[in-house]
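The following note is intended for a reader who is new to protein structures. Please keep the sequence and the model in view while going through the points.

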Amino acid sequence: MTAALNQERERTVIQLEGVFDVPAARRLAEQLEEAGFGEVRVDLTRIREFHDFGVALLAQTIAGRRSPTDVIGLHDHHLRLLRYLGIDCSGANLAAGIRLQ
């Protein structure tokens, strides 16, 4: 997995490519921690393969954040998985991304 970090107005954008597995999710968790309390958008549109355990770790990381976190690039299966893990993604528009709380 590769990651690019950009500033977009008042939020940090983290764009990932490749495989989203547990090691990638851990690296993303570190980047989210470095972002602190700022607003973050995680762009997963270039991920070619998702591992469910990576998505579960993403859910755990986001659940612990107090700041707005938008995620784009998830598929229906991943949204279902997030809901099972207690992450609110109701009203998700897959094309526009979702704000996870």
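**Note on the predicted model**

1. Of the contacts (heavy atoms within 4.5 Å) in the protein between residues at least 6 apart in sequence, 68% join residues at least 24 apart. This is a predicted model, in which local features need pLDDT of at least 70 and side-chain atom pairs count only at pLDDT 80 or more, while totals for chains, interfaces and linings use all residues. Residues are numbered from 1 along each chain as its sequence is written, and side-chain values use heavy atoms, with hydrogens and water left out.

2. The protein has three helices and five strands, in the order β-β-α-β-α-β-α-β from the N terminus. Helices (H or I, at least four residues) and strands (E, at least two) are DSSP runs, numbered from the N terminus.

3. Of the 101 residues, 45% are buried. Buried means under 20% relative accessible area, exposed over 50%, and partly exposed in between (1.4 Å probe, protein chains only).

4. Which residues touch the most other members of the largest nonpolar core? In this core of 23 residues, they are Leu16, Phe20, Leu28, Val42, Leu44, Phe50 and Leu74. Strand E2 (11-20), H1, strand E3 (39-50), helix H2 (52-63) and helix H3 (76-84) each give two or more residues to the core. A nonpolar core is a set of buried Ala, Val, Leu, Ile, Met, Phe, Trp, Tyr and Cys residues joined through side-chain atoms within 4.5 Å.

5. Phe50, in strand E3, deserves a separate look. Phe50 counts as buried because its relative accessible area is 16%. Leaving aside neighbours within four places in sequence, its contacts are Phe20, Leu44, Val55, Gly73, Leu74, His75 and His78. Phe50 and Leu74 are 24 residues apart along the chain, and their C-alpha atoms are separated by 9.1 Å.

6. Gly36 lies in the loop between H1 and E3. Is Gly36 buried, exposed or partly exposed? Gly36 is partly exposed, because its relative accessible area is 32%. Beyond its neighbours within four places in sequence, Gly36 is in contact with Arg65 and Ser67. Gly36 and Ser67 are 31 residues apart in sequence, with 8.0 Å from C-alpha to C-alpha.
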